[in-house]
Amino acid sequence: MQLTIAVIVMLGALGVGHWWVRTVQPVGVIRAQLRAIDEGMYPQAYDYLSSTAKATWSFDEFVALIQYNPVVMETRVSTFSSRSVNGNTATIGGVLEGYGLDVSEATFVLVKEGNQWRIENFAWGPPHQ
């Protein structure tokens, strides 16, 4: 009985580990973009977008979206508990915390362009406490 429980726990841990490892790179791209935004490096943040996203939002529109949400402009902490990868597409969701008490829900869809993950789409919820 104890062996069965140990095997189940080990298989569960391996499953979670596999899921986590598959999402590390896409989450890293999101966090790198948020750091660039926090540092006011908007051109660098824009470069994390996919070619399709760049065709959807001009640089000026992207900056306007950033400036509309103070939590995105100055993200202190990001937590992404909803993660999935399906082939060359990753969907990552979570919460961004600003330097004040405000938070903003966030969802990102990333695609692989060549060997790099790029942000295809994103949605930042309105800031709230």
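Let me start with Phe108, which has a relative accessible area of 0% and is therefore buried. Please keep in mind throughout that what we have on the screen is a predicted model.

Phe108 has a partner in Phe80, and the centres of the two rings are 6.1 Å apart with the planes at 80°, so this pair is edge-to-face.

Let me step back to the overall layout. The chain has five helices and four strands, and, read from the N terminus, the elements come in the order α-α-α-α-α-β-β-β-β. Of the 129 residues in the chain, 36% are buried, and, if we take the contacts with a separation of 6 or more, 49% of them join residues 24 or more positions apart. The chain exposes about 7,600 Å², of which carbon and sulfur atoms supply 59%.

Which residues does Phe62 touch, once residues up to four places away in sequence are set aside? Phe62 touches Gln33, Ile37, Tyr42, Ala45, Tyr46, Leu49, Trp57, Phe122 and Trp124. In α4, Phe62 is buried, as are Val63 and Ile66. Looking down the axis of α4, we find its buried residues within an arc of 95°, which means that they line one face of the helix. Asp60 and Tyr68, on the other side of α4, are exposed. As a reminder of the geometry behind this, an α-helix has 3.6 residues a turn, so residues three or four places apart point the same way.

Phe62 also belongs to an aromatic cluster, whose other members are Tyr46, Trp57, Phe59, Phe122 and Trp124. Over the whole structure, the search finds six aromatic pairs. One of them is formed by Trp57 and Phe122, where the ring centres are 4.6 Å apart and the planes stand at 35°, so the pair is tilted. Since Trp57 lies in the loop between α3 (51-56) and α4, while Phe122 belongs to strand β4, this pair ties together parts that are 65 residues apart in sequence. Both partners are below the 20% cut-off for burial, and therefore Trp57, at 17% relative accessibility, counts as buried, and so does Phe122, at 10%.

Finally, a word on the strands. β1 and β2 pair in the antiparallel sense, over nine bridges, and within this pairing Arg83 stands opposite Ile92 in β2. The two strands form a hairpin with two residues between them, and in the turn Gly87 has a positive phi of about 65°.

Note on methods. Residues numbered from 1 in each chain as written. Predicted model: local features only at pLDDT ≥ 70, side-chain atom pairs only at ≥ 80, totals over all residues. Heavy atoms only, no water. Contact = heavy atoms within 4.5 Å. Pairing = 2+ DSSP bridges. Phe/Tyr/Trp six-rings, centres within 6.5 Å; stacked < 30°, edge-to-face > 60°. Buried < 20%, exposed > 50% of the residue type's maximum accessible area, 1.4 Å probe, protein only. Arc of directions from axis to C-beta. Areas by Shrake-Rupley, 256 points an atom, 1.4 Å probe, with all protein chains shown as cover.
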